[in-house]
Amino acid sequence: MSKINALTATVLTASILAFAACAPTEVNQPASEAQDQTPPPIPEGKETVAFERAPPAETPSEEPVVEPDTEDTPSPTPPASPYWGIEPGEPLPIMWDDLMPEGSEEEMLRQQEEFYRMLEQRYMANSSRLADAAPLEGIEEGSELDYMPQFGTFDTVEELDGQLVRIPGYVVPFDFNLKRRHESFLFVPYMGACIHTPPPPPNQIIYVRADPTVRVNDIWVPYWIEGDLRSEEVLNDTGDAAYSLALSKIEPYPMP
């Protein structure tokens with residue numbers, strides 16, 4: 001993986017945090033019990049599941065409704081949502097792209113382009129010979145260039161703040177001792193995020209609070225989670241999150 005010097009990383013981090021709408025929550029995991037922070041390798045043959053959006057609810061066929069013979073009665077306007085028909089108390093099924101407001105993907109791509117441009121300039125400046133200045137090649141592991149920042153913003157979708165939702169994804173625990181129960185974990189859209197690959201954008205990470213605590217037996221399979229979603233900046237060493245969720249239910253995602 002690629003790395004940028006500490007000064008540039010600080011500038012990038014500051015520009016990302018400029019999008020913050022509220023004071024961030026910093027998460028410090030309890031030190032009373034030693035945690036296993038060594039992630040296990042991805043099992044051979046495991047691949048990220050391509051989640052499918054649930055089809056819109058179909059309106060049951062009924063007898064034709066006779067419209068009232070008056071011009072004063074306005075016609076009802078269906079909500080602008082593919083999930084029209086969700087009953088009160090039912091979670092709103094969403095996908096990860098629903099969490100990204102307009103323009104956030106373009107901003108992430110802009111940050112990536114800027115990072116790689118600065119990385120290339122930095123690498124070429126450190127090359128002793130012109131022949132060694134092959135862009136993005138030969139970066140030594142553990143060197144100051146071996147670093148990948150978290151791209152993206154903390155921008156969130158206001159309409160989802162406070163909404164009871166249901167979303168599929170993968171669990172990223174702070175403690176990889178799977179015999180223990182978790183009072184919090186990260187939830188991400190693809191397998192290995194924040195562990196073996198760089199973290200996704202903050203608005204593609206959900207910080208989950210579990211009360212009561214839960215045990216996750218396998219982090220390499222997807223799950224459905226349900227709970228109240230909030231726009232909240234949660235800063236941690238694994239991957240900063242733009243959303244939090246108070247967990248009410250977790251269950252395995254059905255596999256084919």
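In this predicted model, Asp175 and Arg180 are joined through their side chains by a salt bridge, with an N to O distance of 2.8 Å. The two partners differ in their surroundings. Asp175 counts as buried, because its relative accessibility is 8% and the limit for a buried residue is under 20%. Arg180 has a relative accessible area of 24% and is therefore partly exposed.

## Overall architecture

The protein chain contains 2 helices and 7 strands. Read from the N terminus, these elements follow the order α-β-β-α-β-β-β-β-β. The chain has 256 residues, and 39% of them are buried.

## Salt bridges

The structure holds 9 salt bridges in total.

| Pair | N to O distance | Relative accessible area |
|---|---|---|
| Asp175 and Arg180 | 2.8 Å | Asp175 8%, Arg180 24% |
| Arg53 and Asp98 | 3.0 Å | Arg53 34%, Asp98 25% |
| Arg110 and Glu107 | 2.7 Å | Arg110 37%, Glu107 16% |

Which parts of the chain does the pair of Arg53 and Asp98 link? The closest N and O atoms of Arg53 and Asp98 are 3.0 Å apart. This pair connects distant parts of the chain, for Arg53 belongs to the loop between strand 1 and strand 2, while Asp98 belongs to the loop between strand 2 and helix 2 (104-126). The two residues are separated by 45 residues. Arg53 is partly exposed at 34%, and Asp98 is also partly exposed, at 25%.

The pair of Arg110 and Glu107 has another setting. Both residues lie in helix 2, 3 residues apart, which is about one turn of the helix. Arg110 is partly exposed, with a relative accessible area of 37%. Glu107, in turn, is buried, because its value of 16% falls under the 20% limit.

Salt bridges also form a network in this structure, in which Arg166, Glu226, Lys249 and Glu251 are linked.

Is Asp240 buried or exposed? Asp240 is buried, yet it takes part in no salt bridge. The nearest side chain of opposite charge belongs to Arg209 and is 12 Å away. A salt bridge requires a distance within 4 Å, so Arg209 does not qualify as a partner. Asp240 does have a contact with the backbone, however: its side chain reaches the backbone nitrogen of Asn236 at 3.0 Å. Asp240 itself sits in the loop between strand 6 (223-235) and strand 7 (241-252).

The model has 1 cavity of 30 Å³ or more. About 40 Å³ of space lies in the largest cavity. Which residues line the largest cavity? The lining is made of Tyr170, Val171, Val172, Val188, Tyr190, Met191, Gly192, Ala193, Ile195, Ile219 and Trp220. Strand 3 (residues 164-173) contributes the most to this lining, with 3 residues. By class, the lining comprises 10 nonpolar residues, 1 polar residue and no charged residues.

## Backbone features

Cys194 has a positive phi of about 70 degrees, although it is not a glycine. This residue is found in the loop between strand 4 (182-188) and strand 5. Cys194 has a relative accessible area of 13% and is therefore buried.

Where is the cis peptide bond? It joins Asp211 and Pro212, and its omega is about 10 degrees. Pro212 has its place in strand 5 (residues 206-214).

Another proline, Pro88, lies in the loop between strand 1 (25-26) and strand 2 (92-93). With a relative accessible area of 78%, Pro88 is exposed, because the limit for an exposed residue is over 50%. Pro88 and Leu164 are 76 residues apart in sequence, and their C-alpha atoms are 9.8 Å apart in space.

Conventions:
Residues are numbered from 1 along each chain as its sequence is written. This is a predicted model: local features need pLDDT of at least 70, side-chain atom pairs count only at pLDDT 80 or more; totals for chains, interfaces and linings use all residues. Side-chain values use heavy atoms; hydrogens and water are left out. On a 1 Å grid over the protein atoms alone, a cavity is a set of points where a 1.4 Å probe fits but cannot get out, and a pocket is an open set with protein on both sides within 12 Å along at least five of seven lines; lining residues have an atom within 4 Å of a point. Grid points are joined across faces, edges and corners, and a volume is the space filled by probe spheres set on the points. Helices (H or I, at least four residues) and strands (E, at least two) are DSSP runs, numbered from the N terminus. Ala, Val, Leu, Ile, Met, Phe, Trp, Tyr, Cys and Pro count as nonpolar, Asp, Glu, Lys and Arg as charged, and the others, Gly among them, as polar. Buried means under 20% relative accessible area, exposed over 50%, partly exposed in between (1.4 Å probe, protein chains only). Lys and Arg count as positive and Asp and Glu as negative; His and the chain ends are not counted. A polar contact is a pair of N or O atoms within 3.5 Å; within protein, one must be able to donate a hydrogen and the other to accept it, and residues adjacent in sequence count only if both atoms are side-chain atoms.
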